[in-house]
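I opened the model and kept notes as I went. The entries below follow the order of my look-ups.

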Amino acid sequence: MQVLIMRHGEAALDAASDAVRPLTLCGRDESRQMAAWLNTKSVDIERVLVSPYLRAEQTLDTVRAALTLPDGAEVMPALTPGGDAALVGSYLQVLAQQGVKSVLVVSHLPLVGYLVAELCPGECPPMFATSAIAYVELTQDGSAGKLEWQVSPSQLMAKV
């Protein structure tokens, strides 16, 4: 199963709480740029999992405008910054066993790094720039994953 793990775009620092921090214009632009790049990779995403925090939902909305995604998304409280990578990893393993071919996960630091490490035995949690995406190939039984690549908006700019 293809697991695309994306950190939300750049968010404003000022907000009533961490959960309601909105994306900045730069955050929207970088997320749109990543989605357009991902569109060239011919991925066919079947499921979308997203954090309930505003900046993650706005990142997903921005990605949805540039990339074909299934209607709706599963909002998972375990995808918040201090969420449970083991719980999310277990859920992804179940999806793999059910035959789901590809999933997009939109979440936060540090969870995105811990999720990569959870899915890929022996892998250290990688750092994620805002809007960065990591691609993990998960075995069909969900028992092990391999980090295939990780790309950030600054890396895309360097290729131009």
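Which residues does Ser131 touch, not counting residues up to four places away in sequence? I listed Met6, Arg7, His8, Gly9, Gly27, Glu30, Ser31, Met34 and Pro153. Contact here means heavy atoms within 4.5 Å.

Ground rules, before going on. This is a predicted model, where local features need pLDDT of at least 70, side-chain atom pairs count only at pLDDT 80 or more, and totals for chains, interfaces and linings use all residues. Residues are numbered from 1 along each chain as its sequence is written, and side-chain values use heavy atoms, with hydrogens and water left out.

I placed Ser131 in the loop between H4 and S5. Helices (H or I, at least four residues) and strands (E, at least two) are DSSP runs, numbered from the N terminus. Ser131 counts as buried because its relative accessibility is 0%. The cut-off for buried is under 20% relative accessible area, with a 1.4 Å probe and protein chains only; exposed is over 50%, and partly exposed lies in between. I then checked the backbone: phi of Ser131 is near 70°, a positive value in a residue other than glycine. I also found a cis peptide bond from Leu109 to Pro110, with omega near 0°. Pro110 sits in the loop between S4 and H4. I noted both because most residues other than glycine have a negative phi, and most peptide bonds are trans.

**Helix H4 and the cores**

Next I went to H4, residues 111-119. Its buried residues are Leu111, Val112, Gly113, Leu115, Val116 and Leu119. They pack against strands S1 (2-7), S4 (102-107), S5 (133-138) and S6 (145-151), and against helix H3 (85-97).

I looked up the largest nonpolar core and got 27 residues. Met1, Val3, Ile5, Leu92 and Leu119 have the most contacts inside it. S1, H3, S4, H4 and S5 are the elements that give two or more residues to this core. A second, separate core has 21 residues, including Leu4, Val106, Tyr135 and Val151. A nonpolar core is a set of buried Ala, Val, Leu, Ile, Met, Phe, Trp, Tyr and Cys residues joined through side-chain atoms within 4.5 Å.

I followed Leu92, which is in helix H3. Leu92 is buried, at a relative accessible area of 0%. Beyond four places in sequence, Leu92 touches Met1, Val3, Leu49, Val103, Val105, Leu115, Leu119 and Leu138. From Leu92 to Thr62 I read 23 Å, C-alpha to C-alpha, at 30 residues apart in sequence.

**Helix pairs**

How do H3 and H4 cross? Their axes come within 9 Å and cross at roughly 55°. Axes are lines fitted to C-alpha atoms, for helices over the stretch in contact, and angles run from 0 to 180 degrees between N-to-C directions. H3 and H4 are therefore oblique to each other. Angles under 35 degrees count as roughly parallel, over 145 as roughly antiparallel, 65 to 115 as roughly perpendicular and the rest as oblique. Ala85, Ala86, Val88, Gly89 and Leu92 of H3 meet Leu111, Tyr114, Leu115, Glu118 and Leu119 of H4.

Last, H1 (residues 25-39) and H2 (residues 54-66). Their axes come within 8 Å and cross at roughly 45°. That makes H1 oblique to H2. On the H1 side I listed Arg28, Ser31, Arg32, Ala35, Ala36 and Asn39. Their partners in H2 are Gln58, Thr59, Thr62, Val63 and Ala66.
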